[in-house]
Amino acid sequence: MLEVSQLTAIRDERILFESLSFTIDSGELVQIEGRNGTGKTTLLRIITGLGDRDNGDIFWDGEQIESNRDAFHQELLFLGHQTGVKRELTAYENLRFYLSIHAKKRVDKATVYQALTKVGLAGREDVPVAQLSAGQQRRVALARLWLSDHKLWILDEPLTAIDKQGVKVLESLFLQHAESGGIVMLTTHQDMFADNPKLRKIKLGD
């Protein structure tokens with residue numbers, strides 16, 4: 001369970017959000033929405049520990065994240081605006097590097113190739129990332145989701161540069177992760193899930 005309590009963020013003397021509180025339970029899929037500039041990315045970065053807050057507390061399974069940050073990060077997969085992939089490595093090598101750091105169990109080569117196929121990179125698995133388009137580089141990062149053991153997924157605009165078929169594939173994966181007891185927290189400008197009751201929305205701003 002993720003709990004945000006009385007969270008406040010001020011940037012350039014402007015209050016983005018103040019005394020923001022909410023709880024996300026296991027099995028939930030939550031979209032953070034609001035106009036540009038209302039603090040959606042700031043909120044996600046604060047929760048992940050990449051941004052500073054001006055007030056408030058964040059709890060994971062009842063403990064403040066600062067009290068055991070390593071344990072929290074072992075449960076967290078964050079995908080932000082930056083892909084975080086290494087341009088000199090191939091798509092396959094990038095996922096192998098990710099697994100060498102985060103995987104809790106051995107993952108075979110076929111499973112890695114299958115993840116890249118899921119995001120539309122079949123045939124490009126062994127191409128250096130530097131030779132891929134920006135959208136394809138983002139797909140390499142998204143392929144981590146199919147290999148993830150993390151319970152909490154925090155995703156900032158994961159559907160950027162993804163076509164309609166790719167969006168459907170990701171929606172199915174998000175639902176599957178939630179149904180297996182995980183948490184998905186994301187921002188997106190795209191309509192998702194066609195009013196699926198499993199999606200909960202938290203709105204920032206007026």
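How many helices and strands are there in the protein chain? There are six helices and nine strands, where helices (H or I, at least four residues) and strands (E, at least two) are DSSP runs numbered from the N terminus. The model is predicted: local features need pLDDT of at least 70, side-chain atom pairs count only at pLDDT 80 or more, and totals for chains, interfaces and linings use all residues. Residues are numbered from 1 along each chain as its sequence is written, and side-chain values use heavy atoms, with hydrogens and water left out.

**View 1. The largest pocket and its lining.** On a 1 Å grid over the protein atoms alone, a pocket is an open set of points where a 1.4 Å probe fits, with protein on both sides within 12 Å along at least five of seven lines; lining residues have an atom within 4 Å of a point. The lining has 19 residues, and Leu77, Phe78, Tyr98, His102 and Arg144 lie nearest the centre of the pocket. Two or more lining residues come from each of strand 6 (76-79) and helix 3 (91-102). Helix 3 gives the largest share, five residues.

**View 2. Thr42 in helix 1.** Helix 1 spans residues 40-48. Thr42 counts as buried because its relative accessibility is 18%; buried means under 20% relative accessible area, with a 1.4 Å probe and protein chains only. Leaving out residues up to four places away in sequence, Thr42 touches Ala9, Arg11, Leu16 and Phe17, a contact being heavy atoms within 4.5 Å. In the protein chain, buried residues make up 48% of the 206 residues.

Methods:
Buried means under 20% relative accessible area, exposed over 50%, partly exposed in between (1.4 Å probe, protein chains only).
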